[in-house]
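Trainee: I would like to study this structure with you, step by step. May we look at it together?

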Amino acid sequence: MANSSNAAPAMRKFSGSEAAVVDGINNGGGVHPSPHSHHAAAIDSSLHSGGGGRKSSLTVGASVASISSKPTPIFTRRMRFLIMDAPRQSNLHLYIRECRRNHVTDIVRVCEPTYLGSELTSAGIQLHEMAYEDGHSPPEPVLQRWLALVEERFLLGGGGGGNSNNKNGGKSDQKTIAVHCVAGLGRAPVLVAIALMEFEGMDAVEAVMMIRGQRRGAINEKQLRYLEGYKCR
C-alpha cells in the first residue's frame with residue numbers, strides 16, 4: 001500500500017451513473033446523535049437512533065425487544081462485512097442471533113457504548129473498540145487498527161475464531177466482521193468503504209455504490225468527499 005499524502009487532491013466531477021450516486025448521497029442521512037452512558041443502567045436505557053429498516057422482535061413479558069434497522073451484509077469474494085446500528089443491552093441478544101447467522105467473529109464499535117461486551121464474549125465474538133467522533137473522519141490510529149484487523153481476518157488467514165470450533169459455526173472462509181456506529185449510516189459504512197478501496201481496488205464511488213445498494217441512506221456528502229480524497233496506503 002502506498003504512503004498517504006497530506007495534500008488534499010483535486011476533486012473530480014461526476015458524470016453519468018456516478019452523478020446519480022452522488023445525488024442520492026446528498027439526499028441521505030446527516031449527522032446522527034451519539035448516545036451517552038456511564039454504567040449498566042444507563043446503557044440499558046440509552047437513546048438509540050434506528051434508521052427505519054425492517055424490524056425483527058421478540059416478546060419478553062410485557063416488553064418487546066426489536067432490531068430497528070436490519071443488519072446489512074456487504075460481501076466480496078474475499079471479505080465479508082455486516083453493517084449495523086448500535087445494539088442496546090435490551091436487544092443485544094437479537095443482534096447476536098443475526099451475527100451468528102452471518103458467521104461474525106468480530107464486532108467493531110465505532111461509537112460510545114450502549115451495551116456491555118460480556119454477552120459477545122460468551123457468544124464467541126470479539127469486541128473491538130474503535131470509537132471516533134461523529135461528524136469527523138476516522139483518525140489515523142483507528143484507520144491503522146481497522147485495516148490491520150481486516151487484513152488479518154480476510155487476507156492473512158490468521159485468528160478470528162472462524163474455524164469449525166467457533167461457537168458461531170463459521171468456517172475459515174466465512175468469517176465476517178460486523179461494524180456499527182449509532183444508526184449504521186455514517187462512521188461504520190465509511191470504514192467498510194475504506195476497506196473496499198484498500199483491499200478490493202475500488203474507487204470511492206464504486207465502494208459507496210456497493211454499500212448504498214444494500215443500505216439505503218448510508219454515507220452523506222461530507223463523508224463521500226472524505227472518501228474521494230482518501231489515499232490508499
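Mentor: A polar contact is a pair of N or O atoms within 3.5 Å; within protein, one must be able to donate a hydrogen and the other to accept it, and residues adjacent in sequence count only if both atoms are side-chain atoms. This is a predicted model, in which local features need pLDDT of at least 70 and side-chain atom pairs pLDDT 80 or more, while totals for chains, interfaces and linings use all residues. Residues are numbered from 1 along each chain as its sequence is written, and side-chain values use heavy atoms, without hydrogens and water.

Trainee: Which backbone oxygen does the side chain of arginine 187 reach at 2.7 Å?

Mentor: Arginine 187 lies in helix α6, residues 187–200; helices (H or I, at least four residues) and strands (E, at least two) are DSSP runs, numbered from the N terminus. A polar atom of its side chain lies 3.4 Å from the backbone oxygen of valine 110. At 2.7 Å, the side chain of arginine 187 reaches the backbone oxygen of tyrosine 132.

Trainee: Is arginine 187 buried or exposed?

Mentor: Buried means under 20% relative accessible area, exposed over 50%, and partly exposed in between (1.4 Å probe, protein chains only). Arginine 187 has a relative accessible area of 3%, so arginine 187 is buried.

Trainee: Which residue caps the N-terminal end of α7?

Mentor: Helix α7 spans residues 204–214, and its buried residues include Ala204 and Val205. A side-chain oxygen lies 3.2 Å from the backbone nitrogen of valine 205, and the residue that supplies this cap is aspartate 203.
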